[in-house]
Amino acid sequence: MVLPAVLDDLLVVDLSQGIAGPLCARLLGDYGADVIKVEPPGGECGRRMPPFFHDDPDPEKSLFFLLANLNKRGVTLDLAQPEGAAIFRRLAQSADVIVESFAPGYLASLGLDHATLEQDNPGLVMTSITPFGQTGPYSQYKGNEIVAYATSGIMAISGTADREPLQHGGFPAQYEAGMNGMLATNVALLTRDLNGLGQHVDVSMQDVVTSSLVINQPYYSFTGGVQGRRRLEGSSFGHVTPCKDGYFVSQEGGGVTWDGIADFYGREELKEPRFADPAQRLHNGHALDAIILDATKDRTMAEMFKTASEQYRMLFGIVQTPEDLATCAQLEAREFYQEVEHPVIGRIRVPFQMWNMSATAASCRRPAPLLGQHNSEVFTKLGCSEAEIGTLRNRGII
Amino acid sequence: MVTEKQNPGPEPTLPLAGLRIIDISNVFSLPYAGGLMADLGAEVIKVEGPGRLDISRGGAFSGVFPENEPGDDPWNRTSTFNLLNRGKKSLAIDLRRHEGREVLRDLIRVSDVLMENFTPRVMRGWELDYPHAKKLNPNVIMVSCSGYGPHGPYAQYPAQATTQEATHGLAHVTGYRGDVPSKAGQSFVDFLATWALVMGTTLGLRYRHRFGKGLWVDVAMYQLGCYMVADRILDWEANQRRGDRIGNRHPWLAPQGCYRCAGEDQWCVVSVHDDEEWAALCQVIGRPELARDARFASNGARMENHDAIDPIIAAWMAGFSKTEAMERLQAAGVRAGAVFDARDMHLDPHAKARGLLEKVQFPPERGIGKRVIIGRPWRLSKTPLHARGPAPTLGQHNREVLQDILGYDDARYAELEQSGVIGTRPTHPRPVLHMSMDERVHRGRLAYWDPDYKERLGIQD
C-alpha cells in the first residue's frame with residue numbers, strides 16, 4: 001500500500017524571492033505540500049536570474065527560477081495595495097506555512113507579520129529567510145552570496161595567504177539557507193503537531209554559513225587560535241593538482257598506507273625516508289610535488305579516480321565539470337535527475353532529488369508556474385467572483 | 001549528573017522530547033546532526049567502539065585541546081568533538097564483536113531513530129541495514145549517511161568531504177579568476193549532509209506520527225554536493241556552458257569584489273546589483289561623477305569595464321577599517337560585508353546580539369571549564385533552544401544505557417566490561433602531537449592567537 005506523502009496535509013504560501021526562500025518552499029512541495037507562490041504583478045526577481053534556457057532572458061525561461069519553483073502553483077498579488085493585502089490575509093487564514101524573504105519589518109508595515117496573522121490562525125508557521133536574520137544591528141543590511149561568505153568567517157580561511165580571501169563558486173550559501181529554512185520549518189511543524197501552535201522561524205544566511213565552521217570556531221574558544229588562509233609553502237599534496245586532462249585531489253587517510261599511495265603513483269622514490277612521515281613530506285614538499293606532477297602528467301582523471309578508489313582504497317577526488325555531472329552514472333543510480341515538462345521551455349532534465357527515502361520520497365508533480373498562471377483558480381477558491389478578479393487585474397493588483 | 005542539573009526550571013516542550021536516537025557516527029556530518037537533535041530534545045546515544053573512536057577525538061580533524069593542553073584523557077578534550085556531540089550520552093561498545101552487536105540489536109528494539117555513517121557494506125555485513133533493522137523494530141526510522149550511497153558504480157569508493165569537494169563539482173567553479181580550481185572553507189559537503197540528515201529525520205518522524213510506520217533516509221554526500229551546482233548543471237544541459245572560475249566577481253552583476261582595507265589582512269566585499277546602487281556607491285566613495293560615466297552607466301558596461309572599477313573601489317577601501325567600510329556602504333543601501341575571522345565571529349556586535357554562539361559549562365572534573373560553541377542557525381519564536389549539556393566522555397553512560405534502559409543485570413554488565421566489549425578508555429590511544437600556539441602561528445597553521453581570549457569571551461574560570 002502506498003501511503004500519502006508526508007506533507008500532503010499542508011498548504012504552504014511562498015512569498016519569497018530569489019533562491020533560498022523559494023528553494024525552502026519547493027522542498028516542502030517535493031514532500032507533498034500544496035505550495036502557492038505569490039509574486040508581485042511584475043514577477044519576482046528570480047525570474048530575471050541567469051542561466052536562461054537557450055540564453056533567452058524571458059521571465060519564463062530562467063532555469064534558476066525553474067529549479068527553485070517546481071511543485072508550486074503561482075499567483076500574482078500586490079501586497080502593498082490594501083486590496084492585495086486583504087486577499088492575502090484570507091489566503092493566510094488557511095495556510096499552514098508562509099515562507100518569506102522580505103527585509104525584516106516589511107510585512108509588519110503591511111500588517112501581514114506573523115504576530116498579526118496568527119490571531120486568525122494560531123497554527124500558522126512563518127519561516128523568514130534573510131541575509132542577517134530578524135534581529136541584531138545588521139538585520140536591515142542587504143546581503144547576497146559573497147556578503148554571506150565574508151561575514152560568516154568562511155572567506156577568511158578560503159583562498160591563499162598571499163592573495164585576497166576567496167568566495168565559493170556558484171550559490172551554495174543560498175542553497176544551504178533554503179535547506180535550513182525547510183529543516184527549521186519541519187521542526188516547527190513537529191512542535192505544532194504536539195501543541196497546535198505555530199510560530200515564527202528566523203533563519204539568517206550569515207548564521208547558516210558560520211554554522212559550517214566547526215573546526216575554525218572552537219579553535220578560538222578553546223585556545224584563542226585564529227585560522228587564516230593557506231600559505232603557499234611545503235607541499236601541495238591534498239590540494240588540487242593538474243593531470244593529463246584536468247585536475248585531481250589526493251589525500252592520506254582512509255584505508256591506505258603511504259606505501260600504497262606510492263604504489264598508486266608508481267614511484268618507488270616516494271618510499272624513501274625523506275617522505276616517510278607527514279612532517280618529512282611537508283619539509284620535502286617541493287620534491288614531493290615534482291614527483292607527483294611527473295607521475296600524473298600522462299594519466300587521466302577518470303583512470304586515476306577508478307584505480308585509486310577501487311584498487312588502492314585511497315581518498316581521491318577529480319575536478320568534475322557540470323558536463324561530467326550531467327552524464328554521471330552514480331547520479332543516475334541515485335535518481336538525482338527529474339524530467340520536467342514546462343509549457344514554455346519544453347522538456348528538460350533538472351537536478352531534483354537531494355537525498356533518497358524508502359517511503360514518501362520527493363516527487364515532482366508540477367513544473368514552475370508561469371507568472372499568474374493560477375490566479376483564477378486560487379482567487380476563485382478564496383471567494384472572489386470572476387468580475388472581482390477582472391477588477392483586480394485591471395487595477396494592477398493581480 | 002552535572003549535565004542534567006545545568007538548566008533547571010520548566011522548559012517548553014521540545015519537539016523531539018521523549019525520542020531516543022542511536023547515533024553511530026564519525027567525523028562531522030552525522031555527529032553534528034545528532035548534536036542538533038539533542039538540542040531539539042531527543043535522548044541521543046552516541047555509540048563508539050573502545051577500539052574505534054570517532055576520529056574527531058584526535059588527529060587532524062579534531063581541532064585543539066582546551067588551553068592547548070591534552071591532559072590525561074585527550075580523547076575527551078578535543079574542541080571539534082565537544083562542539084558536535086553536545087548534549088549526548090556515550091556508549092562505548094565494540095560492534096566488531098558479536099556480543100557488542102547483540103547489545104545494539106537490543107537498543108534498536110527500544111529506540112525511535114537509528115543513525116549511522118559507515119561505508120554501506122558495514123551495516124549490511126552485520127545484518128543491521130534497514131531491512132534487518134526494520135525486523136527488530138518496524139517503526140524505526142533509519143538514517144544512513146555515506147559518501148556515494150549504497151548502490152551505483154561509486155558505492156564502495158572511500159570518500160571524505162575534502163576530496164569530494166572536487167568530485168561533486170564545487171572546486172570547478174571555485175578559484176581565483178582565470179586560475180586553477182580550488183577548495184574553499186572546511187569540509188563543506190559534510191555540513192550539507194548535516195542539514196539533509198536533520199531534514200530527512202524530521203520528515204521521517206512526521207511520517208511515523210501521521211501513518212505509524214518507519215522509513216529509511218539514505219543521504220549520499222556526493223549527491224548533495226552536486227545539488228549545490230544545480231544551476232551550473234542546468235546551464236550545461238540548456239546552453240552547453242561549462243562555467244568559468246571568476247574569483248570574487250558575480251557571474252552577471254558588477255562590480256563585485258573583495259578589497260583590502262586599512263590594517264593587517266583586513267578585507268571588505270562589496271556587490272552592486274543595479275544602477276541605483278552604483279550611484280549610491282559612487283556617492284559613498286566620493287566620486288559622484290562616476291555615476292554619469294558612460295563606461296559604467298549600465299550593468300553591462302560595468303561588467304565590461306570591471307577592471308577599471310576595481311582600483312577605484314580599492315583606493316577608497318584602503319582608507320577605512322573593514323567594519324567602517326561595511327557600515328558606510330550598507331548605510332547607503334549597497335551590499336557590503338567585512339571579512340570576519342574567528343575572533344570577529346565571536347566579538348562582532350551583530351553576532352553577539354544574535355547569539356548563534358552559546359556557552360556550555362563542563363563539569364569541574366573535566367577540567368574544560370566554560371566554552372563557546374556554535375548553536376543552531378535558526379530561531380523559533382516559541383521554542384527556545386540551547387545546547388542541553390556538554391559532550392560526554394567516552395563510555396560515560398555505559399551503565400545507564402545497559403542497565404537503566406536495557407535492564408541488563410549486574411552480572412551481564414560485569415561480563416561485558418571484563419571481556420572488553422564495553423569500556424571507558426580507548427584500547428589504542430592516538431599519539432598526541434604537541435605544538436605550542438606560537439609554533440602553530442610560525443608554521444602557518446594559524447594566522448595569530450589571542451592569549452587573552454577567555455577574557456574577551458567572558459569565559460574565565
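1. Helices and strands are DSSP runs, of at least four residues for helices and at least two for strands, and they are numbered from the N terminus. With that convention, Pro255(B) belongs to the loop between helix H11 (230-239) and strand S7 (256-260) of chain B. The model is a predicted one, and the points below should be read accordingly.

2. The peptide bond that joins Ala254(B) and Pro255(B) is cis, with omega at about -5 degrees. The loop between H11 and S7 of chain B also holds Gln240(B), whose phi is positive, near 50 degrees, in a residue other than glycine. Gln240(B) counts as exposed because it has 10 C-beta neighbours inside 10 Å, where 12 or fewer is the cut-off for that class.

3. On the overall layout, chain B contains 21 helices and 13 strands, and its C-alpha trace spans about 85 × 55 × 45 Å along the principal axes. The chain is divided into domain 1 (2-227 + 355-457) and domain 2 (256-341), and the centres of these two domains of chain B, taken over C-alpha atoms, are separated by 42 Å. Of its 461 residues, 56% count as buried, and among the contacts in chain B with a separation of 6 or more, 69% are between residues 24 or more positions apart.

4. The contact between the chains involves 137 residues from chain B and 126 residues from chain A. On the side of chain B that touches chain A, H9(B) supplies the largest share, 16 residues, and the residues of that side divide into 79 nonpolar, 37 polar and 21 charged.

5. Helix H9 (residues 188-211) of chain B also packs against helix H2 (residues 29-39) of chain B, their axes coming within 8 Å and crossing at roughly 45 degrees. That angle makes H2(B) oblique to H9(B); the crossing in which H2(B) passes H9(B) is right-handed. From H2(B) the contact draws on Ser29(B), Leu30(B), Tyr32(B), Ala33(B), Leu36(B) and Met37(B), while H9(B) contributes Asp190(B), Ala193(B), Thr194(B), Leu197(B), Val198(B) and Thr201(B). By class, this contact of H2(B) with H9(B) has 8 nonpolar, 3 polar and 1 charged residues.

6. Which residues does Phe188(B) contact, once its neighbours within four places in sequence are left aside? They are Ser212(A), Ala161(B), Glu165(B) and Leu170(B). Phe188(B) lies in helix H9 of chain B and counts as buried, with 26 C-beta neighbours inside 10 Å. Its C-alpha atom is separated by 8.5 Å from that of Gly225(B), 37 residues apart along the chain.

7. Val27(B), in the loop between strand S1 (20-24) and H2 of chain B, is not a glycine and yet has a positive phi of about 70 degrees. Val27(B) counts as buried, because 21 C-beta neighbours lie inside 10 Å.

8. In chain A, the peptide bond from Pro50(A) to Pro51(A) is cis, with omega near 0 degrees, and Pro51(A) is placed in the loop between strand S2 (34-39) and H2 of chain A. Ala68(A) lies in that helix, H2 (residues 63-68) of chain A, and is buried, with 32 other C-beta atoms within 10 Å. Leaving aside neighbours within four places in sequence, Ala68(A) is in contact with Ile19(A), Pro22(A), Leu23(A), Arg26(A) and Gly46(A). Ala68(A) and Glu118(A), 50 residues apart in sequence, are 27 Å apart from C-alpha to C-alpha.

Technical notes: Residues are numbered from 1 along each chain as its sequence is written. Chains are lettered from A and ligands numbered from 1 in the order in which they are written. This is a predicted model: local features need pLDDT of at least 70, side-chain atom pairs count only at pLDDT 80 or more; totals for chains, interfaces and linings use all residues. Domain bounds come from an automatic or database domain assignment. Axes are lines fitted to C-alpha atoms, for helices over the stretch in contact, and angles run from 0 to 180 degrees between N-to-C directions. Angles under 35 degrees count as roughly parallel, over 145 as roughly antiparallel, 65 to 115 as roughly perpendicular and the rest as oblique. A crossing is left-handed if the near helix is turned anticlockwise from the far one by less than a right angle, and right-handed if clockwise. Two residues are in contact if their C-beta atoms, placed from the backbone, lie within 7 Å. Ala, Val, Leu, Ile, Met, Phe, Trp, Tyr, Cys and Pro count as nonpolar, Asp, Glu, Lys and Arg as charged, and the others, Gly among them, as polar. A residue is buried if 20 or more other C-beta atoms lie within 10 Å of its own, exposed if 12 or fewer, and partly exposed in between; C-beta atoms are placed from the backbone.
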